[in-house]
Amino acid sequence: SSGINAEYGHPNSTSNLLLCWYNSLLTTIAEWLTERENIDMHHFQLVAISTIFKTLFSEFSSQGLTEEQLRNATYRMIHNRIEYEETMNTLNIDTTRNYAYGYSSDSSAD
């Protein structure tokens, strides 16, 4: 028992445990994204990872972790990657639609 208290800090042991858990989950997501750094995410992967990421933030925030604790460097890296992937996904969808309807960005005015 004293080892747990020493590791997580006695007065706020629940808060510290939650913070460690949150950071562990973020690290897992960050590692997954890093392994796929040069690979665009499929739309369904993006929806899933974005939903998980937003839910983690919401749930741990509701448990009393502060914005400062939640929006750490790992959070910002994941957030930036999700924003990038959302932008690329939107551009890819728009490009696909244009080709499907016979529009081309290369067409010149007559």
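**Figure 1. The order of elements along the chain is α-α-α-α-α.** This is a predicted model, and what you see in it is five helices and zero strands. So how much of the protein is tucked away? Of its 110 residues, 23% are buried. The protein also exposes about 8000 Å² of surface, and 54% of that comes from carbon and sulfur atoms. Now think about which residues touch which. Take the contacts with a separation of 6 or more: 76% of them are between residues 24 or more positions apart.

**Figure 2. Helix α2 packs against helix α3.** Here we zoom in on residues 13-35, which form α2, and residues 43-62, which form α3. Their axes sit 11 Å apart, and the angle between the two helices is about 165°. Angles over 145 degrees count as roughly antiparallel, and α2 and α3 are therefore roughly antiparallel to each other. As for handedness, α2 passes α3 in a left-handed crossing.

**Figure 3. A closer look shows the side of α2 and the side of α3 that make the contact.** From α2 come Leu-18, Trp-21, Tyr-22, Leu-25, Leu-26, Ile-29 and Trp-32. From α3 come Gln-45, Ile-49, Ile-52, Phe-53, Leu-56, Phe-57 and Phe-60. What kinds of residues are these? Sorted by class, the contact of α2 with α3 has 13 nonpolar residues, one polar residue and no charged ones.

**Figure 4. Tyr-22 is a buried residue in helix α2.** Is Tyr-22 buried or exposed? Its relative accessible area is 1%, and buried means under 20%, so Tyr-22 counts as buried. Who are its partners? Setting aside neighbours within four places in sequence, Tyr-22 is in contact with Leu-56, Phe-57, Phe-60, Leu-65, Gln-69, Leu-70, Asn-72 and Tyr-75. Pick out Leu-70 from that list: Tyr-22 and Leu-70 are 48 residues apart in sequence, yet their C-alpha atoms are 8.0 Å apart in space.

**Figure 5. Asn-89 sits in helix α5 and is buried.** Helix α5 covers residues 73-100.

Methods
Residues numbered from 1 in each chain as written. Predicted model: local features only at pLDDT ≥ 70, side-chain atom pairs only at ≥ 80, totals over all residues. Heavy atoms only, no water. Helix = DSSP H or I, 4+ residues; strand = E, 2+ residues; numbered from the N terminus. Buried < 20%, exposed > 50% of the residue type's maximum accessible area, 1.4 Å probe, protein only. Contact = heavy atoms within 4.5 Å. Areas by Shrake-Rupley, 256 points an atom, 1.4 Å probe, with all protein chains shown as cover. Axes fitted to C-alpha atoms, helices over the stretch in contact; angles between N-to-C directions. Parallel < 35°, antiparallel > 145°, perpendicular 65-115°, else oblique. Left-handed = near helix turned anticlockwise from the far one by under 90°. Nonpolar A, V, L, I, M, F, W, Y, C, P; charged D, E, K, R; others polar.
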